[in-house]
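Welcome, and please open your viewer. We will go stop by stop, with something to select each time and a note on what is there.

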Amino acid sequence: MDTVASTPSQNVLLIRSPNSMDVNVLISRPFAMVDEIADASPAVEDGLQLGDQILKFGNVEAGDNLLQRLSSEAQSNLGCAVPVVIMRQGTVINLTITPRPWQGRGLLGYACCLYHFVFCCLFFL
């Protein structure tokens, strides 16, 4: 498969297949990467791994006010499965992660590095 990068304003990647029978797929551009993850956290239990790139977290995709929107999405879905789309080693994977209280920090137990131009902002979710 070939990946054709889009313009930054589109936040979408088009993946084209060399096989004429395959369908072209549109996926969101990653907006964050899992930079830290706590053992026995909800994130680990639900399948998230260090280095996963987050394409979509519930209703949140790339854009402005990511910290606020991610935090709000986790808090408003406390105890409910949240659909999450990640890219792991070039493969798009759909997971569900349930924000919930546990012994560690946050509702999920992982920290993300947000992609914003060339700097990285680390926060714990």
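Two strands pair if DSSP finds at least two bridges between them. The strands themselves (E, at least two residues) and the helices (H or I, at least four residues) are DSSP runs, numbered from the N terminus. This is a predicted model, in which local features need pLDDT of at least 70, side-chain atom pairs count only at pLDDT 80 or more, and totals for chains, interfaces and linings use all residues. Residues are numbered from 1 along each chain as its sequence is written, and side-chain values use heavy atoms, with hydrogens and water left out.

**Stop 1: a strand pair**

Select β6 and β7. They pair in the antiparallel sense over 7 bridges. Pick out P83 and you will find T96 of β7 standing opposite. Now move to the turn: the hairpin of β6 and β7 has 2 residues between the strands, and Q89 takes a positive phi near 50° there.

**Stop 2: the whole chain**

Zoom out and show everything as a cartoon. The protein has 2 helices and 9 strands. Of the 125 residues, 35% are buried, where buried means under 20% relative accessible area, exposed means over 50%, and partly exposed lies in between (1.4 Å probe, protein chains only). Contacts are heavy atoms within 4.5 Å; among those between residues at least 6 apart in sequence, 45% join residues at least 24 apart.

**Stop 3: colour by confidence**

Colour the model by pLDDT, the predictor's confidence in each residue, from 0 to 100. The mean for the protein is 75, and 70% of its residues reach 70 or more. Which strand has the lowest confidence, and which the highest? Strand β1 (residues 2-4) is lowest, at a mean of 38, while β6 is highest, at 93. Select residues 1-17 next: pLDDT stays under 50 there, and the model has 42 contacts beyond four places in sequence for this stretch. Residues 20-25 are also below 50, with 8 contacts in the model beyond near neighbours in sequence. Where pLDDT is low, the predicted coordinates should not be read in detail.

**Stop 4**

**Stop 5: salt bridges**

How many salt bridges does a search of the whole structure find? There are 4, each being a side-chain nitrogen of Lys or Arg within 4 Å of a carboxyl oxygen of Asp or Glu.

Select R100 and D46, whose side chains meet at 3.1 Å, N to O. R100 lies in the loop between β7 (91-97) and β8 (110-116) and D46 in the loop between α1 and β5 (53-57), so the pair ties together parts that are 54 residues apart in sequence. R100 counts as partly exposed because its relative accessibility is 21%.

Next, select R88 and D52, a salt bridge at 2.7 Å, N to O. This pair links distant parts of the chain, with R88 in strand β6 (residues 82-88) and D52 in the loop between α1 and β5, 36 residues apart.

Then try E61 and K56, which meet at 4.0 Å, N to O. Salt bridges that share partners also join E45, D46 and R100 into one network. Back at the E61 and K56 pair, E61 is partly exposed, with a relative accessible area of 31%, and K56 is partly exposed at 29%.

**Stop 6**

Return to D52. Is D52 buried or exposed? D52 is buried, because its relative accessible area is 1%. Beyond four places in sequence, D52 touches A32, M33, V34, G47, I86, M87 and R88.

Select S41, in the loop between β4 (32-37) and α1 (42-45). S41 counts as buried because its relative accessibility is 0%. Leaving out residues up to four places away in sequence, S41 touches W102, L108 and G109.

Finish at P30, in the loop between β3 (25-28) and β4. P30 is buried, at 16% relative accessibility.
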